[in-house]
Amino acid sequence: MPFAILQVSLIIVLPYLLARLTQRWGTQDWLSPVVLCYVAGIGLRNLTPYPLDDRLSMNFSHGSILLALPLLLYSTDFKAWILLARTTILSFLLMIAGVLASVTISTWLFADLLTQPWSLAGMLAGVFIGGTPNMNAIGIALEVGDETFIKLNAAEIACGGVYLIFLTSVAHRFFGLFLPDFKGDKHTGENEFLPRNGYGWQNILIAFGLTLLLAGLAVAIVKWTTGTLDKPGLVILLVSAFGVGASFVKKIRNLPGAYESGEYLLLMFCIAIGMMADFSEIISDGWLLIGFCALVLVLAVSFHALLCRLFGIDRDTMIITSTAGLYGPPFIGQVAAVIKNRSLVFSGIVTGLVGIALANFIGVALANLLEKWIMYNG
């Protein structure tokens, strides 16, 4: 019991401490709290003898993501996103096309090697279009076992970590070999998105109250239409849809503290997920998953880059939309600082939020289609 209390305390408190640490060090642009939370969770799991409870971490990851998704989506201005530069939207759509193509090809190649590869495909489509929260949500929706999710998440962290190092090091020079340079002022619009207005506990309680109301409504609808609560996938999809719908209400979209609350829950999610990434299990029997995940990632980035080449999209926009899809809003500022183009921060963050909104639906739909295709050809 004392260990469980300490584990819960770490999940809740560490995000605050690590976020303050990055502010004090001034490292937000190249070492974000999201990265630190992942590293902290992974370190606690793999580098200490501390007896972590995977079930407890899983419950926290499920609960935090169920609340974080709508809180993050409230602030999405879809109308503003549609009015963004056409190259940003086109690059994002090409990124989605690349992910769908890569996942389909990889699933076909690994169909006889993995158990229920369509579920893994749906989860990877979700994480590479929206982010890790979507992979969790899609895993719940598809009723994937905890062990499978934990191993796939560890494999994705390993592969995604390598690509993130590439993005923040030599990617800008590499993609510049065959993509045109960005044209325009690289410093406009830096502070357009989500100004840090003052907010207090009252604002946070209102945001959480609205989120709990929407979650309760989703549960009630699922119970009324299906006669059971054993449909987590429908609940996740409904909550996502409600979050998107609420964003069209101006008062909700501008609700102070909503996005920040979602960010904090996302950091808690990162701690909890990191605590479940047991790399000893991946090393012992997870090489197939690493190979599957690595192939999806490499093909997705390659297809995206080639399509951007065909459509004449510049390297900065390609890199930012790739970051928005594969890692989500928290990493946009970090990558934008590395490529020295702050003008894309606004469009990158909004694109990342749009990815979060779409990924659950795309991932679940793709998994169902691939299951029918594999079973039919099996």
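Helices (H or I, at least four residues) and strands (E, at least two) are DSSP runs, numbered from the N terminus. This is a predicted model, in which local features need pLDDT of at least 70 and side-chain atom pairs count only at pLDDT 80 or more, while totals for chains, interfaces and linings use all residues. Residues are numbered from 1 along each chain as its sequence is written, and side-chain values use heavy atoms, with hydrogens and water left out.

**Figure 1. The protein chain has 18 helices and zero strands.** Of its 378 residues, 55% are buried. Buried means under 20% relative accessible area, exposed over 50%, and partly exposed in between (1.4 Å probe, protein chains only). A contact means heavy atoms within 4.5 Å. Among contacts with a separation of 6 or more, 85% join residues 24 or more positions apart. The accessible surface is about 16900 Å², and 67% of it belongs to carbon and sulfur atoms. Accessible areas come from the Shrake-Rupley method with a 1.4 Å probe; for residues, only the protein chains shown count as cover.

**Figure 2. Helix α1 bends by about 35 degrees at Val13.** The bend at a residue is the angle between axes fitted to the seven residues ending there and the seven starting there. Gly26 follows α1 and has a positive phi, near 70 degrees.

**Figure 3. Helix α1 has a set of buried residues and contributes Leu17 to a nonpolar surface patch.** Gln7, Ile11, Leu14, Pro15, Leu18, Ala19 and Thr22 are buried. Their cover includes α2 (33–46), α3 (54–73) and α13 (258–275). Ile12, Val13, Tyr16 and Leu17 make the patch, about 350 Å². Patches are made of residues with over 30% relative accessible area and no salt bridge; like charges are joined within 9 Å, nonpolar side chains (Val, Leu, Ile, Met, Phe, Trp, Tyr) within 5 Å. Leu17 is partly exposed, with a relative accessible area of 47%.

**Figure 4. Asp54 and Arg45 meet in a salt bridge.** A salt bridge is a side-chain nitrogen of Lys or Arg within 4 Å of a carboxyl oxygen of Asp or Glu. A search of the whole structure finds two. Here the N to O distance is 2.5 Å. Asp54 is partly exposed at 25% relative accessible area. Arg45 counts as buried, at 18%.

**Figure 5. Asp181 forms a salt bridge with Arg315.** The closest N and O atoms are 3.0 Å apart. Asp181 lies in the loop between α9 (171–175) and α10 (201–226), and Arg315 in helix α16 (residues 315–326), so the pair ties together parts 134 residues apart in sequence. Asp181 is partly exposed, with a relative accessible area of 47%. Arg315 is buried, at 17%.

**Figure 6. Gln116 and Glu143 have positive phi values.** Neither residue is a glycine. Phi is near 45 degrees at Gln116. Gln116 sits in the loop between α5 (86–110) and α6 (117–129). Its relative accessible area is 43%, partly exposed. Phi is about 55 degrees at Glu143. Glu143 sits in the loop between α7 (132–141) and α8 (146–167). Glu143 is exposed, with a relative accessible area of 52%.
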